[in-house]
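Please view the sequence and the structure together.

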Amino acid sequence: MIAPTDIPSRTNPQETFVLNLGPQHPAAHGVLRIKMTMDGEYVTRAEPIPGYIHRMHEKMGENRTWTQFLPNTGRIDYLSALHYNHAFVGAVERAARIEVPPRAEYIRVITSELNRISSHLVWWSAYLLDLGGFTPLLYAFADREKILDLLEAITGSRLTYCYFRFGGLCNDIDDAFIQGTRAFVAQMRPRLKMYRDLVTDNIILRKRLEGIGPISAELCRKYGATGPVLRGAGIAYDVRKVEPYSVYSQLDFHIPVFPEGDSMARYRVRMAEMEQSLRIIEQALDKLPAGPVMGKVPRVLRLPAGDYCYAVEAARGRHMVRVVSDNKDIPYRVKLRTPSFSNLSLYEEASKGMMLPDALALLGSLDLVIPDIDR
Amino acid sequence: MSFLTAEPVRLLLALVCIMAFVGLNAAYLVLAERKGAGRFQRRPGPNEAGYGGWLQPVADVAKLLSKQLIVPPGTDTILFRLAPLMVISPAMMCLAVIPFSQTLVARNINVGLLMVFSFGSINVMAIMLSGWASRNKYAIISAARVVSQNVAYEIPMLLVVITLLMVTGTMDLNEIVRQQAGWFWHWNLFKVWVNPLMPVTFVIFFICMLAETNRAPFDMAEAESELVAGVFTEYAGMGFGVFFMAEYANIVLGCSLGTVLFLGGWQSPFGLWPGVVWFLLKLYALIFTVIWVRWTFPRTQFYNLLNLSWKILIPISLFTLLLSSAMIKLF
Amino acid sequence: MKASILDVPRGFWSLLVGMRITLTQFFKPVITVPYPHKTLPIPARYRGPIELTADPATGKALCIACKLCERACPSDCILVAGVKLKGEKKKSVTEFKLDFTKCSLCGACVEVCPCDAIRFSKNYNLASTSKEDYIFDLVARLQAEKKQP
Ligand code: SF4
Ligand code: SF4
């Protein structure tokens, strides 16, 4: 039961009207504005207008030292701050050839995966809010709260972490964290089952998502969409596997892929990813080596002149940092390739001819974080 | 004292009582809803105003009353102001024929059921008018949805009620309740020997009732994550408050109807001490289910909602209608 | 056709499963904390606005006004001034202003400080209606704390 999509697109402006969705619309989750040209309830054109929360992070990178840019990274995609930390420190470490002790790498993986789960939980709950289901939000936030507590105890912040440093971490984890994480992993598995029973198998949700908002692999390629959007279109592209960074190559996990390409496929990818993240955390905790968490770092950091890249798999897809150095203590250029921006750009093409609620279901399934789009 | 029993006075009293009943119910059902939502979500719900939050409705009403009633420029002022009244008055009207107990009924007319349904339909028109008068795109989209939704669900609802009428043979609500006297298997819900699909009819009735009252998961009128606040987008202060009240008044009405038609009204489940207490117990149990459903499911998509009605509910209810007429003819 | 007919009871069953789950949650205890009546313990590494630490022996601020933190801060929110008192090897701090409106709680200042003279505080009730309330004078704070320990 899919809505008809082949409606004749009417060009006569008398027959269509413009619906200004946002920047304060409840489904926009932040300040995204979408200018929708509507024919009744059908969207004939949806034009995203980002820019309401542009903060010039890239420009800020050019007028502060390498270290001073670190807190910025946590504020680009505030829901997966640690991945963004990781990409930037990774780029600088690659450039300056800084060795990171293995313990630090393992802790980076553990905390990043925790962060991925918490990010997916926020997406899940906010998405259900878009679809009109309220209660899952509170259940997911109860679980997310545990992750935030764990991460707060070691990083000192709850959302915009600034925990990774060039060469390691700002402080080590303790036994309480390890035990807490193990307990969390054990608790989270039955919760994921509960989520499946309550929401994923629910007929209302399935009818709303199955076949809605198909995105083909071709479309993803055209717009550079990555992450769960691409994996929901049947392409097993995950930076953790295709260009393994940190210690991901030593851990056993697989990349959930669903070939349908509809909103349900993207939904299922994220739900399956949470399970995989739990697996990664467990293994990393088992393998966690002893040792220092900080490598040798020069007191004043000067990167050799050149052009360096580092990509990580953030919760929303491939996040890449490109830094250009001209051998000063201040970057010449910091370029951030953020997944939400590419994922949003396919929206206009993908949403053509959909009904308004379906178009919003598609928008939610892209898992956009608006500051990540605007930077 | 004789003037107290005079018909006009009695009606006036009944009207006042119904208004008070609706008002109190609306105020405290909002609280119950929020408390219930809280419990479903493992949080306490409103608990600051008064002990356990019991003064919350007072605070809410005070807040709504103190707000300015904004009539946006360009609206159809008369319709805009009239719509909230038109939404709430039919619900109050219909409550007049609901038998709360054997004697506690404002006006016992022998076509009570018919009256409830005819007045109930005004609700749709009023919501459509409010959407139209608001001169707001979201409101108009929502109004269009509400009309097709309500039209679609009126049909299975009426089919189900006709099935029931075949069984009862009367439209007098009090008489329908009287027929269900005795133990709970005499309730229409469990009368499987007249029609084996009676429980299914009740489920269809319940679903239609949710759809007719625009409750989640069928809350197309409000659909806050898609249409901001749907038809209510432009309403402020008590204008919005009245819509809110009407929503709860309609729930009370729908659940009372469900109680009367299927759950034996004021009859007690084990044949003893029938009375108003039983009616209220059943009524609030149904209302609890309505709240429970709301806080469990996501919203349906609009065409799924119509598909559900046209492709599933209407065929099933037609089938039950045929079945019960056949059964009545045969036995 | 068969599948879509089977969909109806299956779908209905999935709804009942969902309702069972929410009902079991309904009867479980509340898990939220009624802030501000109750608060949670704050973890040791919690990052509140920075504060000066004092030498436990003398009660004087440990800060030597070297201005490293001022330079390290990415948001320019620290202002330090100090004088060299007679008979002391190092400078003492006379002024330490923190503009908390700009602070991102990144920890650069705490990490760079050579003598552990600043640390994160545990304050989080920081609501105010005026911007000036967030320009903290940390030296004055330290002295006020010393008076009423
Ligand atoms: S925490 Fe960071 S932003 Fe705040 S004062 Fe210290 S260095 Fe500056
Ligand atoms: S707080 Fe530390 S870094 Fe800052 S001026 Fe004082 S001694 Fe130097």
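The text below takes the interfaces of chain A in turn and then the strands.

The model is predicted, so local features need pLDDT of at least 70 and side-chain atom pairs count only at pLDDT 80 or more, whereas totals for chains, interfaces and linings use all residues. Residues are numbered from 1 along each chain as its sequence is written, chains are lettered from A and ligands numbered from 1 in the order in which they are written, and side-chain values use heavy atoms, with hydrogens and water left out.

**Interfaces of chain A**

Contact means heavy atoms within 4.5 Å. Buried area is the accessible area (1.4 Å probe) that two parts lose on being put together, summed over both. A salt bridge is a side-chain nitrogen of Lys or Arg within 4 Å of a carboxyl oxygen of Asp or Glu.

| Interface | Residues in contact | Buried area | Share on carbon and sulfur |
|---|---|---|---|
| Chain A and chain B | 34 of chain A, 26 of chain B | about 2,600 Å² | 60% |
| Chain A and chain C | 27 of chain A, 21 of chain C | about 2,000 Å² | 53% |

On the chain A side of the interface with chain C, the residues that lose the most area are A:Q68, A:G156 and A:I203, together 21% of what that side buries. One salt bridge is found across this interface. It joins C:E111 to A:R165, with the closest N and O atoms 2.5 Å apart. Chain A and chain C also have 14 residue pairs in polar contact, both residues at pLDDT 80 or more. A polar contact is a pair of N or O atoms within 3.5 Å; within protein, one must be able to donate a hydrogen and the other to accept it, and residues adjacent in sequence count only if both atoms are side-chain atoms.

Helices (H or I, at least four residues) and strands (E, at least two) are DSSP runs, numbered from the N terminus. At least two residues each of the side that touches chain C come from α5 (135-155), α6 (175-200) and α7 (203-209) of chain A. The largest share, seven residues, is that of α5(A). By class, this side has eleven nonpolar, seven polar and nine charged residues. Here Ala, Val, Leu, Ile, Met, Phe, Trp, Tyr, Cys and Pro count as nonpolar, Asp, Glu, Lys and Arg as charged, and the others, Gly among them, as polar.

Between chain A and chain B there is likewise one salt bridge, in which the side chains of B:R145 and A:E41 meet at 2.4 Å, N to O. Ten residue pairs are in polar contact between these chains, both at pLDDT 80 or more. The elements giving two or more residues to the side of chain A that touches chain B include β1 (17-21), α4 (102-130) and α14 (356-365) of chain A. β1(A) gives the most, with five residues. The classes on this side are 23 nonpolar, six polar and five charged residues.

**Strand pairing**

Two strands pair if DSSP finds at least two bridges between them. In chain C, three strands form an open antiparallel sheet in the order β2-β3-β5. Its edge strands, each pairing on one side only, are β2 (78-83) and β5 (135-137) of chain C. Six bridges join β2(C) to β3 (residues 92-99) of chain C, and C:I78 stands opposite C:L98 in β3(C).

In chain A, β6 (residues 306-314) and β7 (residues 317-325) pair in the antiparallel sense over nine bridges. These two strands, β6(A) and β7(A), form a hairpin with two residues between them. The bridge partner of A:G306 is A:S325 in β7(A).
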